Structure formats: structure tokens, C-alpha cells
Amino acid sequence: MILKAQIPAIPESRLQQMPARLARKVGPLFGVPWDGAPGGMRSWCCDYSQLTLAEIMRGAPRLAKASELGGYEDRGVHDDVVKKGHAVIANATAARFGPDTKAAFVLVGANVLLRPVTDALCKALREVPVDDPQLLIGAYAYCLIEVFRSEPILLIAALQAQGVQRALGAVVVPVRTADVTGLASHEFGPDRVGYDRENAPMSLELVERLAEVLCDRLEPRERVDVDASESIPGGNAQERLRRTVVGMAQATLFDMTAGAVDATVRVVDTAEGRSGEVLLMTSARMQRFAHAVSVHVQFPEGATESLMADKLSVLGDITEGIPLGSDIDCRAALTVRRGLLTAALALFQNRDESSRYLRGRMIEALTERVREQFGEDSADYRLERVKTLADLIHFPAAGDEDPRDPHVVTRRAQWLDEALPRAHELLAATAEGRIDAGHLAERLPDLLVAVNQIRREVHRAPVEGLPDARELTRRLLPLWDGYRKVLASFFGEESRQYQYRQHNYSAFLVGQGSPPDLRARGLALFDEQVIPMRREAVAEGALFVTLRGPLQVATRGHVAFAREHDDPATRRAHLATARSYAREVLEKKEETRRLLGETGATTTSGFIMATALAECFLYSAEFASSAEEEADRADWITLAADLLRLAAPYVSGDSGKPRNRADRKRAYEALHRKLIQLTGTGAQG
């Protein structure tokens, strides 16, 4: 949900007037549009580190020097314009704020601007009728990410100001002058200025206050039977937990502003004014935050091993308790509930695809409330509807349904026919500045992946009532082109971040149903951009799963290309590349153990990994021709047999649902037949 900062009215209370005035100065400087901003500009997107205290006091950037703008039109405001109807903050007033006046101004202003959002989110998180600790932790992280997505420039500035304030106020020790007879101008002395607490903020209230609400609903993982009044290093358990939550939240937010590979901000001009848009990976950030905090929280026995279906069951009616009427309260309640559903997917195992269908239906119920509150033409509803359709298209069947049943196919086709035009409309609105590109980029890839899933299915076995693979390829190509333009507008086509994010597009190109020219282009993207960039990210600390996925998809793509080529040299080259990727996955022993364990795959991810690598080694053995390849043939067959043995539990028991037991079991059996053809015996159980 979009959670915008709000320019305040000037209150009657004199004590509250200065914070409101500061908010009106700070907001437009950092991407919060206001009709009353000097010069009629409405808003700017200023760099906190470059903006001066004087510019904050006047509420507008100064006119630039001739050498500063590099050909851009000057959007600064002349002093004479500022003075017409805009009172500049007086120097005497500024002296009351510190320890760094500029930082204090920005932090006071940001806290006022975000206070309506903060109040509403605290109320929603406090009152949501869910007690599961892990889901609540995930919802907290989601709320912070959504506020950042809605006001990135303001939060970047507020976090920088907070860092300055905390650095200068880190050590507060009483100092008195005793027998000194003289002082230099900056020595401690009796005339040192002190600051009222409200004029020397040290924290972004959004993070601190929401953390207090969260921790009130959690139990620390340590003894809490000590009297809170006793002197305990670091405070009592509840206070230590709160500081842990705040610290991890700050790290998450700072990481968003640090140019990380999974986050960037762009500045755009819209009808409302100049503002920022942020593109980032929500689930990955939620996972990092939740895992770091969870070790400090006491959970019910077995909770950390829960499946997503277990978590969804505790949510009940996800729309319960959502207020109607108040815009910000409704947005906050919807955001908290959306965070709960996102946490259920991001943080817990998913062995049952029907639970993804249930989650899609729950998101649909929330989306309907968005429509009721904000209307069908609102950006919130249009964005959430596309996300809902993506989930339902990808996972169209309930637990007792088969995806190929006619009634399931019919509704899936209807969802598809609604989703693709909506996606085109959103891309057009984004290009015109009417929809935040960061919000769209969070949802559109899910739809593209879901439609690609249909394409794979109908390529293997056409389904009456669904478009064929060629038609779906034709429909998907312009959507992928539009999405990639959005990515390029954030990162630039030559950037590492852009290349890192080409995984799903490359997978679409090399996937079943693509013509040979698209598949060749996709393999080149994997080999030259995606995989090298992902390797760099893993070397810098990213989880190996970010590399494993591209390696597996590229392995399958190279094997498929090799099988279709009669030229021995071309075939050998593709299979050699595939084997190098497969071995790179297998060399990551802890990842293999995590997905396959000692007894075999019980999750979809483990099964897909085992069969993708087994296929590579089986066809390498089948097409072995040179003396060197013949020498390795037996090892390849042994590897394939071991991998198929580990894949067998997934399709031999009841862990799979209709789609698993149809499509995935057939894929496993085809590989097993190939092994028998090569050895005469097959995999040994």
C-alpha cells in the first residue's frame, strides 16, 4: 500500500507550531509535494549531505552557481521569492536545536511528516487479531519497507540526520568547570547551550514506536523474571529485545540506501511534483530481518519448522478488523495484513502448492477491500489486483482440485485475460508518471513468471481453453520489454544491478515454448551477465540461492540446446557448459544437504535441483563421443543415478499435489527411463 507523508496544518498550540513549520520546510526539500512550497516548485529531491542549513531554514534550495548544474535548468529559488509569504526560520530559533542544527531540523520535520503514518501503523499492528510471533516480525519489516517505498528521499535524509545526531550525542557526560580561570570559545564551560529533548531528536519515530508495539507482543528468549527496577546491564529482557529490533530495522533501512545490488532509487517528475521511487527486493529483506530478530524471541515448540499452510491457518478472515472511512487507518490495516501474508510466503516452507492458492484467495479478499475503499481506478487497487491475479494464475487449484479440470482451466483463462491488459495499462501509466514504478516493479515480475508457468505447461501438453505456447510467447514479449525498460530507468542497462535482475527474463527466453533464436539469446544473457553478476553478489555475502536458481535454469537450457543440435562440436560445447554449472551447484555441499538431506528431496526446490542436474549428466553420458568424455561417462551416470535416488521421495509419497504428481512425476520417470536405457539397471533405491 502507498503510505505517503503528510504536510501538516499549523496548529494553534504555540509549542507545536515550530515542528509543523519545520515539516513544511523539510517535506518539499525531500520529495514530499506541497502547493505552498516557495517558487511554485511543489517539491525537490535534495541530497542531505549537500543541502545547507540556510536552505532548510528557507525551505527551498538556493540558486545555483554557473558551474554547478552542468546544463540543467536551475530549479533553485531566489531569496526575494522565498521571502514573499514564506517566513524563514530565525537564527535565534535555530540555536535552540542540536546537537547538529541541520540534522535536528530534518529529523524533527521527518517525524512530523510521518507521524500520521506512524500512528496508524502502530494502531494496526497493535490491534491485528494475530498472535504468531514470526508473522508479526515479518509484518513489522514489511511496514517499514512499504513506508520506505512510498517516501524514499525523505527516509534517506532522515536516516542520515539520525546518524549525525547519534554520533554527536553518543556520549553525554556531565561536565562542570571547577578551578579554571579562562576558556577558549569551544571548551566546556558554564555557558554551554543545552537542548530541550524535543529539539534534539535522536531517532526516527517510525522505527522506534513500531518496534515498541511489536515487542509488546513478543516474548524475549531469556529470563524475564528479574524485577525491571533492578540494575541489569543493557536493561531488562524486553528492552534489550526492543533495541535488537530497532538495530536490525535501522540496518535494513540503511542497507536500502547504500546502493546495494537489490535496491536503488530514481527521481521522477509527476503531476504532483518531483519525488523518488525505489526498487528493492522485499522478501529477501524480510527474511534477513526476521532471521536476525527471531533468535532473540521465544517461540512455541515447533513453530520455527512450520509450513506456510500452518501460518495461513492462524490468520483466519484476513479482512477482519479493517476500518472503513479513515484513509490512513485503512491503509495501515491493509499494509499490516499484507505483511502477514507476505511473511507467510517469505519465511516458511511451502510443500503444498494449494496453500499458495489459499494465499492468493486471501490477497484477493484484501484487494477487494482496497477496491471498496479507494475505487477501481485507484493506483492501490490496480497494483494489488495484478498481484492477486499473478498468484491465482500461478497456483489456480485448491487442495482437492486438479489444475486441468475444466472449471479450474476456465477461471484460470479468465484471470489471464484480465491480467495481461491490466499489466499493459500499468506499464503505460508508469511511463506517464501516473503509477510509481517501484510499486509496479514489486508486482509485475510475479505475473510474468506466472504466465510463463502456463506456457511451460501447455508446451508439454496443450490444454483446451488456454492459449498455446506460441501465443503466450507473443503476448509476453512486449510485457517483458516494458518491464525491462522500467528496470533500465532505475539502474541503466550497463549496470551490474540491471544485469543481476535479468534472471527471470533469461529464464523466459530459454524456456520451453521459445523459438531457437530467443533461447540462444537467453543462454547468452545467463552466461555473460546474470551468472557472473550473481557470482559476484555471492562472493560479497549474498545467499547462494541467488546463484543456484540461474545455474539450474541455464543448465537445463544448455542441455536442451545440445539435444536439438546435430553438430558434435556445438553439442559438446553446450553440454560442457551445463556440466560446469551443475558441478558448481554440487560443490556447495551445505546447499545440497539443505535441499536433499540424507534421505532425499521432500520439497519442490530440492526435487527441481536434483532432476535438473541428473538430466545434465544423463545426456552428457548419452552423447559422450571423444575418448576423454568416454572416460568420464561412468562417473556421469553414477552422479545421475545418485541424484535420481534423492529425487525419488518427492514423487513416491504423498508430498506432491496434483500438479506435482502429474507433471513432475512424469519428468522424473522420463529421466529414470533414460538411466535404464544407458545402464540397463536404473537408479538404485
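Analyst: Let's begin with Cys143, which counts as buried because its relative accessibility is 0%; buried means under 20% relative accessible area, exposed means over 50% and partly exposed is in between, calculated with a 1.4 Å probe on protein chains only. Please keep in mind that this is a predicted model, in which local features need pLDDT of at least 70 and side-chain atom pairs count only at pLDDT 80 or more, while totals for chains, interfaces and linings use all residues. Residues are numbered from 1 along each chain as its sequence is written, and side-chain values use heavy atoms, with hydrogens and water left out.

Now to the sulfurs. A disulfide is a covalent bond between the sulfur atoms of two cysteines; here the test is a pair of cysteine sulfur atoms within 2.5 Å. Searching the whole structure this way turns up zero disulfides. Cys143 is accordingly in no disulfide, and its nearest cysteine sulfur belongs to Cys122, 9.2 Å away. For Cys46, the closest cysteine sulfur is in Cys45, and at 7.7 Å it is too far for a bond. Cys46 is also buried, since its relative accessibility is 16%.

For the setting, the protein has 26 helices and two strands; these are DSSP runs numbered from the N terminus, with helices being H or I of at least four residues and strands E of at least two. Of its 685 residues, 52% count as buried. Contact means heavy atoms within 4.5 Å, and among contacts with a separation of 6 or more, 72% are between residues 24 or more positions apart.

Helix 1 (residues 14–29) and helix 5 (residues 101–127) have axes that come within 8 Å and cross at roughly 95°. Each axis is a line fitted to C-alpha atoms over the stretch in contact, and the angle runs from 0 to 180 degrees between N-to-C directions. The two helices are therefore roughly perpendicular, the class for 65 to 115 degrees, whereas under 35 is roughly parallel, over 145 is roughly antiparallel and the rest is oblique. Helix 1 brings Pro19, Ala20, Leu22, Ala23, Val26 and Gly27 to this contact, and helix 5 brings Phe105, Val106, Val108, Gly109, Ala110, Val112 and Leu113. By type, eleven of the contact residues are nonpolar, two are polar and none is charged; Ala, Val, Leu, Ile, Met, Phe, Trp, Tyr, Cys and Pro count as nonpolar, Asp, Glu, Lys and Arg as charged, and the others, Gly among them, as polar.

Ala110 leads us on to Glu205: the two are 95 residues apart in sequence and 8.9 Å apart in space, C-alpha to C-alpha. Glu205 lies in helix 8 (residues 205–216) and is partly exposed, with a relative accessible area of 24%. Leaving out residues up to four places away in sequence, Glu205 touches Asn111, Arg115, Thr118 and Leu210.

Rings of Phe, Tyr and Trp (its six-membered ring) pair if their centres lie within 6.5 Å; planes under 30 degrees apart are stacked, over 60 edge-to-face and the rest tilted. The count by this rule is eight aromatic pairs. One of them joins Trp480 and Tyr483 edge-to-face, at 6.0 Å centre to centre and 65° between the planes. Both residues lie in helix 17, three residues apart, about one turn of the helix. Trp480 is buried at 2% relative accessibility, and Tyr483 is buried at 6%. Trp480 also forms a tilted pair with Tyr505, at 5.6 Å centre to centre and 55° between the planes. That pair links distant parts of the chain, helix 17 and helix 19, across 25 residues. Together, Trp480, Tyr483, Tyr505 and Phe508 form one aromatic cluster.
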